[in-house]
Amino acid sequence: MKKYNFNAGPSMLPREVIEATAAACLDFEGSGLSLMEISHRAKNFQPVVDKAVELVKELLDLPAGYSVVFLAGGASTEFCRVPYNFLEKKAAYLNTGTWAKKAMKEAKLFGEVVEVASSAEDNYTYIPKNFTVPADADYLHITTNNTIFGTEMRYDLDSPVPLIADMSSDIFSRPVDVSKYNCIYAGAQKNVSMAGVNIVIVKDEALNKVSRQIPTMLDYMTHVKNGSMFNTPPVVPIYCAMKNLEWVKQNGGVEAMDKRAKERADMLYTEIERNKLFRGTAKAEDRSYMNICFVMNDEYKELEADFLQFATERGMVGIKGHRSVGGFRASCYNAQTIEGVQALIQSMKDFEAQH
Ligand code: PLP
């Protein structure tokens, strides 16, 4: 039976990207060695990193004065690398969910953290809009897509202080005005690659400004200066990212990804609203295109496990909602197909017809 992958991350990747990465793992460019076996300093690997950096710059139309590095440690490591590098005295954080809170927790190790606004009281169903950022904050940190709660800022905020964004679950799904940010970071395992690499985009002039000493591996400057080659980088995930970014480019770039994301999300939200069994959990104006969260309406609550089984038997994978929200979550990153979304919608309709 055909499977439709709605996992929140690691998540679906284009088939051709998986095949190209698998082929390189068997024989890297006819060398007779696996991509896993070559030196990261091999002559034929440097072009992979160069190409990946070039694609990030091209796809997000990076202005001059920004660097792109590939680092290990997951986005969770950036939660601490960011304040290490940028927090001198005070930082502002917008609390839009679990990941924002985790980022905030790390920042508290380095200085004063001001939570400028939070939607915690409503289980993070919306993005707070009216808040004041202290003028003396070193930066404002936002999470553009809240993977768990299904809310998203599909716009670039005007911030009175330097903006830093965790874009782990929506990078490359829309055009971004990078000039508004001092730093953008993302773990790769949703929209970019397999797990194991982070993309960090950093404004060069924002580096080397804090007075503290930064351990070598946690200092962004180390990696900028060494072109992501200070130590052994995650070679296979970087290769996979390069192939996936090529796929994004070949398929129309981030403008086309944005259009497709809207199309998929519109289809699914329309069905959630129409279907008597379900309701969406996020406020309509802040609904994510990437993670579409929905629950059973109260009068059908007892059917939750039945629907999960029903959809699973029809090939849906990974639609069980995160425990903080319950119900269902259909993750629709760049590789998600209209066909997959249609299959899920058909399951919802068929299940409704039985009840
Ligand atoms: N930030 C966001 C928005 C996420 O969705 C996740 C993981 O799902 C993380 C950070 C943490 O990423 P990692 O597991 O790579 O540390």
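This is a predicted model: local features need pLDDT of at least 70, side-chain atom pairs count only at pLDDT 80 or more; totals for chains, interfaces and linings use all residues.
**Helix α7**

I looked up E263 and found this residue partly exposed, at a relative accessible area of 43%. I use "buried" for under 20% relative accessible area, "exposed" for over 50% and "partly exposed" for values in between, with a 1.4 Å probe and protein chains only. Residues are numbered from 1 along each chain as its sequence is written, and side-chain values use heavy atoms, with hydrogens and water left out.

E263 lies in helix α7. I take helices (H or I, at least four residues) and strands (E, at least two) as DSSP runs, numbered from the N terminus. The C-alpha atoms of E263 and V341 are separated by 10.0 Å, and the two residues are 78 residues apart along the chain.

I then turned to E271, also placed in helix α7 (residues 253-274). E271 is buried, with a relative accessible area of 3%. Its C-alpha atom is separated by 37 Å from that of E78, 193 residues away along the chain.

**Helix α9**

How far apart are the end C-alpha atoms of helix α9? I find 22 Å for residues 338-353, which agrees with the 22 Å that 16 residues should span at 1.5 Å a residue; the expected span is 1.5 Å times one less than the number of residues. Buried residues of α9 include G340, V341, L344, M348 and F351.

**Strand β12**

I checked the cover of strand β12 (residues 291-296): six of its six residues are buried, so the strand is largely enclosed by the rest of the structure. For pairing I require at least two DSSP bridges between two strands. Strand β11 (residues 278-280) runs antiparallel to β12 and is joined to it by three bridges; G280 stands opposite F294. Strand β14 (residues 328-331) is also antiparallel to β12, with four bridges between them. There, N291 has S331 as its bridge partner.

**Ligand site**

I counted as near any residue with a heavy atom within 4 Å of the molecule. By that criterion 13 residues surround the ligand, and the closest are S76, T147, D166, Q189 and K190. For polar contacts I took pairs of N or O atoms within 3.5 Å; within protein, one must be able to donate a hydrogen and the other to accept it, and residues adjacent in sequence count only if both atoms are side-chain atoms. A backbone N or O atom of A75 is 3.0 Å from a ligand oxygen atom. A polar side-chain atom of W99 is 3.3 Å from a ligand oxygen atom, and a side-chain N or O atom of Q189 is 2.9 Å from one. The ligand taken alone exposes 390 Å², of which the protein buries 85%; these areas come from the Shrake-Rupley method with a 1.4 Å probe, and for residues only the protein chains shown count as cover.

**Backbone geometry**

I noted a cis peptide bond from G9 to P10, with omega near -5°. P10 is in the loop between β1 (4-5) and α1 (15-26). Most residues other than glycine have a negative phi, and most peptide bonds are trans. Phi of N123 is positive, near 50°, and this residue is partly exposed at 37% relative accessible area. S228 also has a positive phi, near 65°, but S228 is buried at 4%.
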